[in-house]
Amino acid sequence: MTTDITFAAWPKTPRLFDVKGVTITEKLDGTNAAVIITEDGQIGAQSRKRLLPMGPRGMDDVSWQKEDNAGFAAWVRANRDGLVAELGPGRHYGEWWGSGIQRAYGLAEKRFSLFNTAKWSHFEAGSSVPGLGVVPVLYDGPFTLLSVEIALLELALNGSKAAPGWARPEGICVYHKAAARVFKVLLDK
């Protein structure tokens, strides 16, 4: 058995304290999801691990709902036109959270909060699609360990920014811009 020997460069190592900085957001305790919109306006939904069935055209057959992700595909289906109009083509990742999902946050409804805060910050003021928003930004600036500690402390003392009045937020996500990676820090562990 022969193996071709080829060169593979080590990827460039980003600086931890890079001038691009970080964005720290509240980590929501729900289920990871994404809305998929094609260039020709087709729409789909996915969980962290799989595509979700969107169901038949006629809503009378509900057997497909057993494979849904806490009702996410049904929400995407019900809000198809608004999602296509507001999000446009792409794969739009976020957290599906609220009533009946993980911590539930004392909510009577479910919400979908997009992760890309730089692109979707205008959704902080709301959206025409019911339940569509963006994860709350707690800090945006240079990376320091103190900025991480302050964000955690503010959540621990003041509760969730995404669901005001909810005293047990999960933690934070730190998006390191130079590394283009997200790291999580949990309050409970």
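A residue is buried when its relative accessible area is under 20%, and exposed when it is over 50%. The exercises below treat a predicted model.

**Exercise 1. Burial and surface**

Solution. 
- Apply the cut-off of under 20%.

**Exercise 2. Fold layout**

List the secondary structure elements in order and describe the extent of the protein.

Solution. 
- Count the elements: four helices and ten strands.
- Read along the sequence. The order is β-β-β-β-α-α-β-β-α-β-β-α-β-β.
- Take the principal axes. The C-alpha atoms fill a box of roughly 60 × 55 × 30 Å.
- Check the contacts between residues at least 6 apart in sequence: 58% of them join residues at least 24 apart.

**Exercise 3. Charge**

Locate the patch of positive charge and classify K49 as buried or exposed.

Solution. 
- Begin with the totals: the protein carries 22 positive and 20 negative charges.
- Compare their mean positions. These lie 4 Å apart.
- Look for the patch. R48, K49, K184 and K189 gather on the surface.
- Place K49 in the chain: the loop between β3 (43-47) and β4 (51-52) holds K49.
- Classify K49. Its relative accessibility is 78%, so K49 counts as exposed.

Terms used: Residues numbered from 1 in each chain as written. Predicted model: local features only at pLDDT ≥ 70, side-chain atom pairs only at ≥ 80, totals over all residues. Heavy atoms only, no water. Helix = DSSP H or I, 4+ residues; strand = E, 2+ residues; numbered from the N terminus. Contact = heavy atoms within 4.5 Å. Lys, Arg positive; Asp, Glu negative; His and termini not counted. Charge placed at Lys NZ, Arg CZ, Asp CG, Glu CD. Patch = residues over 30% accessible without salt bridge, like charges linked within 9 Å, V, L, I, M, F, W, Y side chains within 5 Å. Areas by Shrake-Rupley, 256 points an atom, 1.4 Å probe, with all protein chains shown as cover. Salt bridge = Lys/Arg side-chain N within 4 Å of Asp/Glu carboxyl O. Buried < 20%, exposed > 50% of the residue type's maximum accessible area, 1.4 Å probe, protein only.
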